[in-house]
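Please load the model in a viewer and keep the selection panel at hand.

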Number of protein chains: 2
Amino acid sequence: VRALWLEDRGLAFREDFSLPEPAPGEAVVRVLLAGVCNTDLEMVKGYYPFTGVPGHEFVGRVEHSPTAPEWTGRRVVGEINAVCGACEACRAGRRSHCERRTVLGIRQRHGAFAERLLLPVGNLHEGPDGVSDEAACFVEPLAAALQVQEQIAFQPKDRVVVVGAGKLGRLVALTLKLALRDVLVVGRDTSRLAPLAALGLRTASSGDLGALPEGRADVVVECTGNPEGLALAARLVRPRGTIVLKSTYHGEATVDVSRLVVNEVTLVGSRCGPFPRAIGVLAARQIDVHPLLERRFPLAEGPRALAEAARPGALKIQLDCT
Amino acid sequence: VRALWLEDRGLAFREDFSLPEPAPGEAVVRVLLAGVCNTDLEMVKGYYPFTGVPGHEFVGRVEHSPTAPEWTGRRVVGEINAVCGACEACRAGRRSHCERRTVLGIRQRHGAFAERLLLPVGNLHEGPDGVSDEAACFVEPLAAALQVQEQIAFQPKDRVVVVGAGKLGRLVALTLKLALRDVLVVGRDTSRLAPLAALGLRTASSGDLGALPEGRADVVVECTGNPEGLALAARLVRPRGTIVLKSTYHGEATVDVSRLVVNEVTLVGSRCGPFPRAIGVLAARQIDVHPLLERRFPLAEGPRALAEAARPGALKIQLDCT
């Protein structure tokens, strides 16, 4: 089948990718649309050694489901961690941390930048109903954004700052606005902040320190995708406040540990999130993700699409995989 | 009065230090013994710009207490943060994070390496009864060790690793053993681990990776006082586990943020702790701190005492300030 192929940091379009046979419990999904995530871009840069088909955000239609034929024909989105159910992490209820997991388009499992993909039926979710394919394709990143609220017990009056005004930062900010009064998005490039006001978000430039609640934020969510974001987050968070680490990138960040100790700051890493809640938010139209969409490319133009997605300020790029 | 004086990273003994007049609510305390903490050593290295008398661990006797004369003559230990009671942090119950605080021997308040010190009477605690001066002088670091249990909701079956087998690591491990079955202390220097077994602690060398629960520890407490400790802690903690940051040092650490994100690890900075609980632990003889004591120097030999305390493997050095 047609697919994008990542090998040795090179990304190429191929017509001859052979999808493996579905393992017991797996379904074959025809991919309709797939979204480009920063993790894909970091993988091309070498963030994680992976050879195969990348891509983990998708909406598709079940083509073949040998063990659960009732799923055939349904429009689905899919959780990306395929787990063993038997290891210590799985048994302790931390299934997304399964020690033997494969991860769609990231770890030992071919991904969504292809005409077809395989996932266990248990990973699939139908829907969301009444929502465009473009919007449905946001379920995975929206779930990841909602994970912040699964991990942090916010108080309605909390002062919350999202550092990073890109795709991830906007999505996180929109989900936080569902529950909180005071959400401020901080970005480097002021020209990029204007559209956020149209989304109902309060913004400030990271260069305008006077406008930032230095040492006053109860929670700061780091969404920049670069090591400088953590340093700014550490400046903004109040003593005994929380920094949520949301972005993954290749390389290390330096951190003033003593400052974290003296201020008794908590840092929390945050990754995949609750699909049912994300589907519910989209189906109920609590968040409109269309303004976050930039452009759609055919699958064959995938390498160009990823280059476009890597441009500073790029919003969501999707691949038409049909 | 006689005191040690820190200025421009130089530490000297002085006979002519003039203690300021006590402010309203403050008491004059004659210092009996003062303990040398790694923070003192880091301050001499320039961790924090401070000119004055360092030292914040002490036991003393109240000499003069104008506003609360009933305290005169009592043997006391003292909380080190002198707070305003009125700022946002104080009003929110985070008094040790008061925005206008002075800190004994650390920030805008002369410390305990002197014949006399000043503290608000509200910072003083009597006791602990029936305990030597040497042991009473451990109340402050013991409280800081107990703070870990104030911040983390441990489960009795948790696998807990303390990284760092020095003064701080041992004290933290002994406090954790009060509540937990499985506490492992990891140190670099195997020759230094032997005495820990005599304290009832299980140990492993950081060089012996096979003996370490890599990716398996529920909680790791970082007590090394150097940036490498965090990297080891990140290797040992399990997905969704917690790293407690306990040591302060001059300079920054590098951290693989993506690993923290992917594993959804929580980091928690931890500083000063509950004095009443520390006093209770010592008075009830739940922990014997005497094995943690190395040597006592007269105040006049303070510079030599701090040099001795900076020696790798040094245990607690105390200064006789009488």
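Contact here means heavy atoms within 4.5 Å. The model is predicted, and every value below is computed from it.

**Helix α9 of chain B**

Select residues 275-283 of chain B, which form helix α9. Its buried residues are Phe275(B), Ala278(B), Ile279(B), Val281(B) and Leu282(B). They lie on the same side of α9(B) because they cover an arc of only 160° around the axis. Just after the helix comes Arg285(B), whose phi is positive, at about 55°.

An α-helix has 3.6 residues a turn, so residues three or four places apart point the same way.

In what order do the 12 strands of the open sheet follow one another? The order is β12(A)-β11(A)-β10(A)-β13(A)-β14(A)-β16(A)-β16(B)-β14(B)-β13(B)-β10(B)-β11(B)-β12(B), with mixed pairing. The edges are formed by β12 (202-205) of chain A and β12 (202-205) of chain B, each of which pairs on one side only. Neighbouring strands are turned against each other by 20° on average, direction ignored.

Select β10 (residues 159-163) and β11 (residues 182-187) of chain A, which pair in the parallel sense over 5 bridges. Within this part of the sheet, Val163(A) stands opposite Val186(A) of β11(A). Strand β10(A) also runs parallel to β13(A), joined by 4 bridges; here Val162(A) has Val221(A) as its bridge partner.

Strand β13 (residues 217-222) of chain A has 6 of its 6 residues buried, so it is largely enclosed by the rest of the structure. Proceed from there to β14 (residues 237-245) of chain A, which pairs with β13(A) in the parallel sense over 5 bridges. In β14(A), Ile243(A) is the bridge partner of Val220(A).

**Thr266 of chain B**

Centre on Thr266(B), in strand β16 (residues 266-269) of chain B. Is this residue buried or exposed? Thr266(B) counts as buried because its relative accessibility is 18%, and the cut-off for buried is under 20%. Beyond its neighbours within four places in sequence, Thr266(B) is in contact with Thr266(A), Leu267(A) and Val268(A), as well as with Gly241(B), Thr242(B) and Ile243(B).

**The interface**

Select the contact between the chains, to which chain A and chain B contribute 41 residues each. The two chains bury about 3500 Å² between them, 48% of it on carbon and sulfur atoms. In chain A, His97(A), Val261(A) and Glu264(A) lose the most area to chain B, together 16% of what that side buries. There are 6 salt bridges between the chains; for one of these, display the side chains of Glu88(A) and Arg216(B), which meet at 3.4 Å, N to O.

**A final stop**

Finish at Pro66(A), in the loop between β4 (57-64) and β5 (75-78) of chain A. Pro66(A) is partly exposed, at 46% relative accessible area. Pro49(A) is 17 residues away from Pro66(A) in sequence and 32 Å away in space, C-alpha to C-alpha.

Note on methods
Residues are numbered from 1 along each chain as its sequence is written. Chains are lettered from A and ligands numbered from 1 in the order in which they are written. This is a predicted model: local features need pLDDT of at least 70, side-chain atom pairs count only at pLDDT 80 or more; totals for chains, interfaces and linings use all residues. Side-chain values use heavy atoms; hydrogens and water are left out. Two strands pair if DSSP finds at least two bridges between them. Helices (H or I, at least four residues) and strands (E, at least two) are DSSP runs, numbered from the N terminus. Axes are lines fitted to C-alpha atoms, for helices over the stretch in contact, and angles run from 0 to 180 degrees between N-to-C directions. Buried means under 20% relative accessible area, exposed over 50%, partly exposed in between (1.4 Å probe, protein chains only). The arc is that of the directions from the helix axis to the C-beta atoms. Buried area is the accessible area (1.4 Å probe) that two parts lose on being put together, summed over both. A salt bridge is a side-chain nitrogen of Lys or Arg within 4 Å of a carboxyl oxygen of Asp or Glu.
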